[in-house]
Amino acid sequence: MKLKQIRLTSYRNIRNMELNFVPGVQVITGENAQGKTNILEAVFLTSTMRAFRTGKENMLIRYGEQSAVIETVFEKSGREQTLRIELFDKESKKVWLDGRRLQKTRDAIGLFQSVLFTPDHLMMIKGAPGERREFLDMTLCAQSPSYTEDLLQYSKALKNRNRLLKFEDEALLATLPVWDELLAKYGSRIAFARQQYIEQLTEVAAKEYAAISSDREKMKIVYVSPLTKENLTKEQYYTAILQALEKNKESDLENQSTGVGVHKDDFLTLLAGKSAKFYASQGQIRSCVLAIKMAEAALLEKNSGHKPVILLDDILSELDPGRQEYILNNTPENQCIVTACEPDKLKEICADCIWIEGGEKKDVSSSGR
Ligand SMILES: Nc1ncnc2c1ncn2[C@@H]1O[C@H](COP(=O)(O)OP(=O)(O)OP(=O)(O)O)[C@@H](O)[C@H]1O
Ligand SMILES: [Mg+2]
(Lines give C-alpha, C1' and ligand atoms only; values in the text may rest on other atoms or scores of the structure.)
(Ligands and ions follow the chains in the order given, each with its own letter.)
Protein backbone atom coordinates (compact mmCIF):
# COMPACT_ATOMS: atom_id res chain seq x y z
CA MET A 1 0.00 0.00 0.00
CA LYS A 2 1.52 3.32 -1.04
CA LEU A 3 0.01 6.75 -0.74
CA LYS A 4 1.02 8.70 -3.81
CA GLN A 5 -0.89 11.93 -3.60
CA ILE A 6 -3.36 13.88 -1.51
CA ARG A 7 -5.42 16.86 -2.63
CA LEU A 8 -7.17 18.85 0.06
CA THR A 9 -9.72 21.62 -0.37
CA SER A 10 -11.12 23.68 2.52
CA TYR A 11 -9.91 21.07 5.00
CA ARG A 12 -9.17 22.58 8.47
CA ASN A 13 -6.63 25.42 7.90
CA ILE A 14 -5.85 24.18 4.37
CA ARG A 15 -7.44 26.16 1.54
CA ASN A 16 -6.05 24.18 -1.36
CA MET A 17 -3.14 21.79 -1.30
CA GLU A 18 -1.69 19.05 -3.45
CA LEU A 19 1.08 16.87 -2.03
CA ASN A 20 3.01 14.03 -3.62
CA PHE A 21 4.58 11.45 -1.34
CA VAL A 22 7.77 9.42 -1.67
CA PRO A 23 7.38 5.64 -1.25
CA GLY A 24 9.76 5.23 1.74
CA VAL A 25 9.86 7.63 4.66
CA GLN A 26 8.10 10.90 3.97
CA VAL A 27 8.72 13.67 6.46
CA ILE A 28 6.23 16.54 6.83
CA THR A 29 7.67 19.41 8.77
CA GLY A 30 6.89 22.96 9.82
CA GLU A 31 6.42 24.99 12.96
CA ASN A 32 3.60 24.42 15.44
CA ALA A 33 0.00 24.97 14.34
CA GLN A 34 0.78 25.07 10.59
CA GLY A 35 -1.26 22.06 9.44
CA LYS A 36 0.98 18.98 9.73
CA THR A 37 -1.41 16.94 11.87
CA ASN A 38 -4.32 18.13 9.74
CA ILE A 39 -2.73 16.39 6.76
CA LEU A 40 -2.23 13.12 8.68
CA GLU A 41 -5.76 13.36 10.03
CA ALA A 42 -7.10 13.58 6.46
CA VAL A 43 -4.98 10.58 5.42
CA PHE A 44 -6.22 8.51 8.37
CA LEU A 45 -9.81 9.53 7.71
CA THR A 46 -9.37 8.02 4.25
CA SER A 47 -8.74 4.65 5.97
CA THR A 48 -11.34 4.72 8.71
CA MET A 49 -13.90 7.26 7.46
CA ARG A 50 -13.65 8.71 10.99
CA ALA A 51 -11.59 11.60 12.27
CA PHE A 52 -9.28 10.75 15.14
CA ARG A 53 -9.37 14.08 16.96
CA THR A 54 -13.06 14.85 16.79
CA GLY A 55 -16.38 13.09 16.47
CA LYS A 56 -17.85 16.13 14.74
CA GLU A 57 -17.15 16.08 11.05
CA ASN A 58 -18.13 19.66 10.38
CA MET A 59 -15.18 20.75 12.53
CA LEU A 60 -12.96 19.46 9.73
CA ILE A 61 -14.34 21.99 7.28
CA ARG A 62 -12.38 25.21 6.98
CA TYR A 63 -13.96 28.00 9.04
CA GLY A 64 -16.58 29.82 6.97
CA GLU A 65 -16.85 27.13 4.25
CA GLN A 66 -19.76 24.75 3.61
CA SER A 67 -17.82 21.70 2.44
CA ALA A 68 -14.37 20.15 2.27
CA VAL A 69 -12.73 17.62 -0.05
CA ILE A 70 -10.08 14.99 0.62
CA GLU A 71 -8.88 13.23 -2.49
CA THR A 72 -6.19 10.57 -2.22
CA VAL A 73 -4.42 8.57 -4.88
CA PHE A 74 -2.95 5.32 -3.59
CA GLU A 75 -1.44 2.19 -5.03
CA LYS A 76 -2.73 -1.19 -3.92
CA SER A 77 -1.53 -4.46 -5.47
CA GLY A 78 0.12 -2.45 -8.22
CA ARG A 79 -3.15 -0.72 -9.13
CA GLU A 80 -3.75 2.98 -8.65
CA GLN A 81 -6.99 4.00 -6.98
CA THR A 82 -8.52 7.37 -6.21
CA LEU A 83 -10.77 7.91 -3.23
CA ARG A 84 -12.67 11.17 -2.96
CA ILE A 85 -14.41 12.18 0.25
CA GLU A 86 -16.61 15.22 0.39
CA LEU A 87 -17.55 16.53 3.83
CA PHE A 88 -20.55 18.78 4.36
CA ASP A 89 -21.57 21.17 7.08
CA LYS A 90 -25.13 19.92 7.41
CA GLU A 91 -25.25 16.53 5.66
CA SER A 92 -23.33 13.27 5.83
CA LYS A 93 -20.19 12.85 3.81
CA LYS A 94 -20.13 11.37 0.31
CA VAL A 95 -17.47 9.05 -1.09
CA TRP A 96 -16.33 8.19 -4.61
CA LEU A 97 -13.95 5.42 -5.64
CA ASP A 98 -12.35 6.01 -9.03
CA GLY A 99 -15.13 8.41 -9.92
CA ARG A 100 -17.94 6.04 -8.93
CA ARG A 101 -20.12 7.09 -5.99
CA LEU A 102 -20.23 4.56 -3.15
CA GLN A 103 -23.78 4.41 -1.81
CA LYS A 104 -22.61 3.37 1.63
CA THR A 105 -19.71 5.28 3.14
CA ARG A 106 -18.77 2.25 5.19
CA ASP A 107 -17.88 0.38 1.99
CA ALA A 108 -14.88 2.69 1.77
CA ILE A 109 -13.50 1.67 5.18
CA GLY A 110 -10.19 -0.14 4.90
CA LEU A 111 -9.80 0.28 1.13
CA PHE A 112 -6.76 2.36 1.95
CA GLN A 113 -5.02 0.92 4.99
CA SER A 114 -2.94 2.81 7.50
CA VAL A 115 -1.84 2.59 11.11
CA LEU A 116 -1.70 5.78 13.11
CA PHE A 117 0.60 6.47 16.05
CA THR A 118 0.31 9.75 17.96
CA PRO A 119 1.56 10.78 21.42
CA ASP A 120 -2.06 10.33 22.60
CA HIS A 121 -1.64 6.60 22.12
CA LEU A 122 0.55 6.54 25.23
CA MET A 123 -2.79 6.90 27.04
CA MET A 124 -3.52 3.38 25.87
CA ILE A 125 -1.74 2.28 29.03
CA LYS A 126 -2.17 5.17 31.44
CA GLY A 127 -5.59 6.42 30.43
CA ALA A 128 -9.13 5.58 31.51
CA PRO A 129 -10.98 2.52 30.12
CA GLY A 130 -12.95 4.76 27.75
CA GLU A 131 -9.77 5.99 26.10
CA ARG A 132 -8.51 2.44 25.67
CA ARG A 133 -11.83 1.34 24.18
CA GLU A 134 -11.63 4.22 21.73
CA PHE A 135 -8.18 3.07 20.53
CA LEU A 136 -9.39 -0.50 20.20
CA ASP A 137 -12.51 0.55 18.32
CA MET A 138 -10.51 2.82 15.98
CA THR A 139 -8.28 -0.12 15.09
CA LEU A 140 -11.12 -2.55 14.55
CA CYS A 141 -13.16 0.00 12.60
CA ALA A 142 -10.21 0.61 10.29
CA GLN A 143 -10.25 -3.08 9.41
CA SER A 144 -13.87 -3.99 9.36
CA PRO A 145 -16.94 -2.20 8.00
CA SER A 146 -19.16 -4.70 9.82
CA TYR A 147 -17.53 -3.86 13.18
CA THR A 148 -18.15 -0.18 12.47
CA GLU A 149 -21.80 -0.90 11.75
CA ASP A 150 -22.21 -3.08 14.87
CA LEU A 151 -20.69 -0.33 17.00
CA LEU A 152 -23.02 2.26 15.51
CA GLN A 153 -26.10 0.10 16.06
CA TYR A 154 -25.01 -0.75 19.61
CA SER A 155 -24.57 2.90 20.59
CA LYS A 156 -27.96 3.77 19.06
CA ALA A 157 -29.66 1.00 21.05
CA LEU A 158 -27.80 2.04 24.20
CA LYS A 159 -28.89 5.66 23.79
CA ASN A 160 -32.51 4.59 23.33
CA ARG A 161 -32.43 2.25 26.32
CA ASN A 162 -30.91 4.97 28.51
CA ARG A 163 -33.58 7.42 27.39
CA LEU A 164 -36.27 4.90 28.26
CA LEU A 165 -34.83 4.37 31.74
CA LYS A 166 -35.47 8.03 32.47
CA PHE A 167 -39.23 7.70 31.93
CA GLU A 168 -41.37 6.41 34.76
CA ASP A 169 -43.91 5.11 32.33
CA GLU A 170 -44.96 1.48 32.63
CA ALA A 171 -45.99 1.11 28.98
CA LEU A 172 -42.68 2.52 27.75
CA LEU A 173 -40.67 0.46 30.20
CA ALA A 174 -42.41 -2.65 28.89
CA THR A 175 -40.43 -2.16 25.66
CA LEU A 176 -37.09 -2.54 27.47
CA PRO A 177 -36.63 -6.15 26.24
CA VAL A 178 -36.57 -4.85 22.65
CA TRP A 179 -33.48 -2.77 23.42
CA ASP A 180 -31.96 -5.55 25.53
CA GLU A 181 -32.20 -7.85 22.50
CA LEU A 182 -30.47 -5.31 20.30
CA LEU A 183 -27.72 -4.69 22.86
CA ALA A 184 -27.16 -8.45 23.09
CA LYS A 185 -27.21 -8.87 19.31
CA TYR A 186 -24.67 -6.13 18.49
CA GLY A 187 -22.80 -6.36 21.81
CA SER A 188 -22.06 -10.07 21.34
CA ARG A 189 -20.53 -9.37 17.91
CA ILE A 190 -18.46 -6.50 19.32
CA ALA A 191 -17.25 -8.49 22.34
CA PHE A 192 -16.31 -11.47 20.21
CA ALA A 193 -14.41 -9.31 17.69
CA ARG A 194 -12.54 -7.53 20.49
CA GLN A 195 -11.68 -10.82 22.21
CA GLN A 196 -10.39 -12.33 18.97
CA TYR A 197 -8.37 -9.27 18.04
CA ILE A 198 -6.72 -9.00 21.47
CA GLU A 199 -5.84 -12.68 21.30
CA GLN A 200 -3.99 -12.11 18.03
CA LEU A 201 -2.55 -8.80 19.19
CA THR A 202 -1.05 -10.12 22.42
CA GLU A 203 0.87 -12.81 20.59
CA VAL A 204 2.50 -10.48 18.06
CA ALA A 205 2.96 -7.57 20.49
CA ALA A 206 4.74 -9.86 22.98
CA LYS A 207 7.30 -10.73 20.31
CA GLU A 208 7.73 -7.07 19.36
CA TYR A 209 8.12 -6.11 23.01
CA ALA A 210 10.74 -8.81 23.53
CA ALA A 211 12.71 -7.42 20.59
CA ILE A 212 12.45 -3.81 21.81
CA SER A 213 13.29 -4.55 25.42
CA SER A 214 15.96 -7.21 24.70
CA ASP A 215 13.67 -9.81 26.23
CA ARG A 216 13.70 -8.36 29.73
CA GLU A 217 10.11 -8.99 30.80
CA LYS A 218 7.11 -10.63 29.19
CA MET A 219 4.32 -8.44 27.90
CA LYS A 220 0.73 -9.59 27.68
CA ILE A 221 -2.52 -7.90 26.71
CA VAL A 222 -5.78 -9.17 28.14
CA TYR A 223 -9.33 -8.35 27.22
CA VAL A 224 -11.33 -7.36 30.29
CA SER A 225 -15.06 -7.83 29.96
CA PRO A 226 -17.23 -7.11 32.99
CA LEU A 227 -19.49 -9.93 31.76
CA THR A 228 -17.06 -12.80 32.03
CA LYS A 229 -13.55 -13.76 32.98
CA GLU A 230 -13.32 -16.46 30.32
CA ASN A 231 -13.25 -16.49 26.55
CA LEU A 232 -16.74 -17.00 25.17
CA THR A 233 -18.32 -17.76 21.82
CA LYS A 234 -20.54 -15.16 20.16
CA GLU A 235 -23.65 -17.08 21.26
CA GLN A 236 -22.41 -17.25 24.84
CA TYR A 237 -21.80 -13.50 24.83
CA TYR A 238 -25.35 -12.99 23.59
CA THR A 239 -26.77 -14.95 26.50
CA ALA A 240 -24.37 -13.38 29.01
CA ILE A 241 -25.38 -9.85 27.94
CA LEU A 242 -29.10 -10.61 28.11
CA GLN A 243 -28.74 -12.16 31.56
CA ALA A 244 -26.59 -9.30 32.85
CA LEU A 245 -29.12 -6.70 31.60
CA GLU A 246 -31.96 -8.57 33.25
CA LYS A 247 -30.05 -8.95 36.51
CA ASN A 248 -29.06 -5.30 36.52
CA LYS A 249 -32.49 -3.94 35.61
CA GLU A 250 -33.38 -2.60 39.05
CA SER A 251 -30.14 -0.70 39.51
CA ASP A 252 -30.31 0.55 35.89
CA LEU A 253 -33.76 1.97 36.63
CA GLU A 254 -32.46 3.58 39.76
CA ASN A 255 -29.40 5.08 38.03
CA GLN A 256 -31.36 5.82 34.83
CA SER A 257 -28.48 4.41 32.86
CA THR A 258 -27.29 1.02 31.56
CA GLY A 259 -24.57 -0.26 33.87
CA VAL A 260 -23.51 -3.43 32.06
CA GLY A 261 -22.48 -4.24 28.53
CA VAL A 262 -19.61 -3.90 26.08
CA HIS A 263 -19.56 -0.11 26.63
CA LYS A 264 -17.82 -1.00 29.92
CA ASP A 265 -15.10 -3.20 28.34
CA ASP A 266 -11.41 -2.58 28.83
CA PHE A 267 -8.08 -4.16 28.03
CA LEU A 268 -5.06 -4.44 30.26
CA THR A 269 -1.39 -4.50 29.43
CA LEU A 270 0.67 -6.65 31.77
CA LEU A 271 4.43 -6.69 32.17
CA ALA A 272 5.77 -9.74 33.97
CA GLY A 273 2.21 -10.36 35.11
CA LYS A 274 1.70 -6.90 36.66
CA SER A 275 -0.52 -4.10 35.36
CA ALA A 276 1.66 -1.74 33.28
CA LYS A 277 -0.71 1.10 34.18
CA PHE A 278 0.34 0.96 37.83
CA TYR A 279 3.83 -0.49 37.74
CA ALA A 280 5.55 0.32 34.44
CA SER A 281 8.17 3.06 34.00
CA GLN A 282 7.77 5.74 31.30
CA GLY A 283 10.23 3.87 29.09
CA GLN A 284 8.39 0.60 29.54
CA ILE A 285 5.08 2.27 28.69
CA ARG A 286 6.57 3.68 25.48
CA SER A 287 7.88 0.25 24.58
CA CYS A 288 4.49 -1.35 25.25
CA VAL A 289 2.68 1.13 23.02
CA LEU A 290 5.31 0.82 20.33
CA ALA A 291 4.96 -2.98 20.46
CA ILE A 292 1.16 -2.71 20.21
CA LYS A 293 1.37 -0.36 17.23
CA MET A 294 3.91 -2.54 15.40
CA ALA A 295 1.70 -5.56 16.10
CA GLU A 296 -1.30 -3.66 14.74
CA ALA A 297 0.57 -3.05 11.46
CA ALA A 298 1.69 -6.69 11.29
CA LEU A 299 -1.85 -7.99 11.90
CA LEU A 300 -3.35 -5.64 9.36
CA GLU A 301 -0.91 -7.04 6.82
CA LYS A 302 -1.57 -10.64 7.87
CA ASN A 303 -5.33 -10.23 7.65
CA SER A 304 -5.43 -8.25 4.41
CA GLY A 305 -2.25 -9.11 2.52
CA HIS A 306 -1.31 -5.43 2.19
CA LYS A 307 1.39 -3.51 4.03
CA PRO A 308 -0.37 -0.56 5.68
CA VAL A 309 1.03 2.94 5.47
CA ILE A 310 2.39 3.96 8.87
CA LEU A 311 1.45 7.44 10.05
CA LEU A 312 3.58 8.86 12.86
CA ASP A 313 2.31 12.14 14.24
CA ASP A 314 4.99 13.86 16.26
CA ILE A 315 5.87 10.57 17.86
CA LEU A 316 9.57 10.47 17.14
CA SER A 317 10.25 13.28 19.60
CA GLU A 318 8.56 11.11 22.25
CA LEU A 319 10.86 8.15 21.62
CA ASP A 320 14.56 7.78 22.36
CA PRO A 321 16.96 7.14 19.43
CA GLY A 322 16.91 3.34 19.94
CA ARG A 323 13.13 3.19 19.66
CA GLN A 324 13.07 5.69 16.77
CA GLU A 325 15.43 3.43 14.88
CA TYR A 326 13.35 0.39 15.77
CA ILE A 327 10.19 1.86 14.33
CA LEU A 328 11.82 3.14 11.16
CA ASN A 329 14.03 0.11 10.49
CA ASN A 330 11.56 -2.55 11.43
CA THR A 331 9.09 -1.54 8.76
CA PRO A 332 11.42 -1.02 5.79
CA GLU A 333 8.83 -1.90 3.19
CA ASN A 334 5.97 0.04 4.72
CA GLN A 335 5.63 3.59 3.57
CA CYS A 336 5.98 5.85 6.60
CA ILE A 337 4.59 9.37 6.78
CA VAL A 338 6.11 11.26 9.67
CA THR A 339 5.37 14.71 11.02
CA ALA A 340 8.07 16.46 13.03
CA CYS A 341 8.93 19.99 14.07
CA GLU A 342 12.65 19.28 13.92
CA PRO A 343 13.40 17.53 10.65
CA ASP A 344 17.17 17.63 11.22
CA LYS A 345 17.14 14.34 13.07
CA LEU A 346 15.43 12.69 10.11
CA LYS A 347 17.67 14.09 7.35
CA GLU A 348 19.56 10.83 6.89
CA ILE A 349 16.48 8.77 6.18
CA CYS A 350 14.49 11.23 4.16
CA ALA A 351 15.82 13.59 1.57
CA ASP A 352 12.40 14.84 0.45
CA CYS A 353 10.86 16.87 3.16
CA ILE A 354 7.50 18.61 2.78
CA TRP A 355 7.41 21.99 4.52
CA ILE A 356 4.06 23.30 5.69
CA GLU A 357 3.38 26.90 6.63
CA GLY A 358 -0.02 28.41 7.37
CA GLY A 359 -1.86 25.52 5.74
CA GLU A 360 0.16 25.74 2.56
CA LYS A 361 3.03 23.84 1.09
CA LYS A 362 6.09 26.02 1.35
CA ASP A 363 8.30 26.36 -1.66
CA VAL A 364 11.51 24.51 -0.70
CA SER A 365 13.71 27.05 -2.47
CA SER A 366 12.37 29.75 -0.16
CA SER A 367 12.76 27.58 2.93
CA GLY A 368 16.53 27.90 2.81
CA ARG A 369 17.02 24.20 2.20
N1 LIG B 1 -11.92 23.94 10.80
C2 LIG B 1 -10.81 24.68 10.79
N3 LIG B 1 -10.68 25.76 9.97
C4 LIG B 1 -9.54 26.48 9.94
N5 LIG B 1 -8.47 26.24 10.72
C6 LIG B 1 -8.53 25.16 11.54
C7 LIG B 1 -9.70 24.35 11.64
N8 LIG B 1 -9.47 23.37 12.53
C9 LIG B 1 -8.22 23.57 13.01
N10 LIG B 1 -7.65 24.66 12.42
C11 LIG B 1 -6.30 25.20 12.64
O12 LIG B 1 -5.33 24.41 12.02
C13 LIG B 1 -4.08 24.77 12.57
C14 LIG B 1 -3.04 23.69 12.38
O15 LIG B 1 -3.35 22.56 13.14
P16 LIG B 1 -2.43 21.23 13.19
O17 LIG B 1 -2.92 20.44 14.32
O18 LIG B 1 -2.38 20.57 11.87
O19 LIG B 1 -0.99 21.85 13.52
P20 LIG B 1 0.44 21.14 13.50
O21 LIG B 1 1.21 21.70 12.35
O22 LIG B 1 0.29 19.69 13.59
O23 LIG B 1 1.06 21.74 14.84
P24 LIG B 1 1.88 21.03 16.04
O25 LIG B 1 3.32 21.01 15.60
O26 LIG B 1 1.68 21.99 17.16
O27 LIG B 1 1.32 19.71 16.30
C28 LIG B 1 -4.37 25.17 14.01
O29 LIG B 1 -3.87 26.47 14.22
C30 LIG B 1 -5.89 25.18 14.10
O31 LIG B 1 -6.39 26.30 14.75
MG1 LIG C 1 0.55 18.35 15.16
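**Domains, ligand shell and selected loop residues**

The protein chain is assigned two domains, domain 1 (1-113 + 308-369) and domain 2 (119-305). These bounds come from an automatic or database domain assignment. The model is predicted: local features need pLDDT of at least 70, side-chain atom pairs count only at pLDDT 80 or more, and totals for chains, interfaces and linings use all residues. Residues are numbered from 1 along each chain as its sequence is written, while chains are lettered from A and ligands numbered from 1 in the order in which they are written.

The centres of domain 1 and domain 2, taken over C-alpha atoms, lie 28 Å apart. Their contact involves 21 residues from domain 1 and 16 residues from domain 2. Two residues are in contact if their C-beta atoms, placed from the backbone, lie within 7 Å. On the side of domain 1 that touches domain 2, helix 1 (36-48) and helix 11 (321-329) each supply at least two residues. Helix 11 gives the largest share, 3 residues. Helices (H or I, at least four residues) and strands (E, at least two) are DSSP runs, numbered from the N terminus. By class, this side of domain 1 has 8 nonpolar, 7 polar and 6 charged residues. Here Ala, Val, Leu, Ile, Met, Phe, Trp, Tyr, Cys and Pro count as nonpolar, Asp, Glu, Lys and Arg as charged, and the others, Gly among them, as polar.

Ligand 1 is surrounded by 16 residues. The closest are Asn13, Asn32, Lys36, Thr37 and Asn38. A residue is near the ligand if its C-beta atom, placed from the backbone, lies within 6 Å of it. The shell divides into 5 nonpolar, 7 polar and 4 charged residues.

Two residues other than glycine have positive phi values. For Arg12, phi is near 50°. Arg12 sits in the loop between strand 1 (2-11) and strand 2 (14-20). It counts as buried because it has 20 C-beta neighbours inside 10 Å. The cut-offs are 20 or more other C-beta atoms within 10 Å for buried, 12 or fewer for exposed, and in between for partly exposed, with C-beta atoms placed from the backbone. Asp98 has a positive phi of about 50°. Its loop runs between strand 6 (94-97) and strand 7 (100-102). With 10 C-beta neighbours inside 10 Å, Asp98 is exposed.

Glu217 occupies the loop between helix 6 (176-212) and strand 9 (219-224). Glu217 is partly exposed, because 16 C-beta neighbours fall inside 10 Å. Leaving aside neighbours within four places in sequence, Glu217 contacts Leu271 and Ala272. Its C-alpha atom is separated by 47 Å from that of Trp96, 121 residues apart along the chain.
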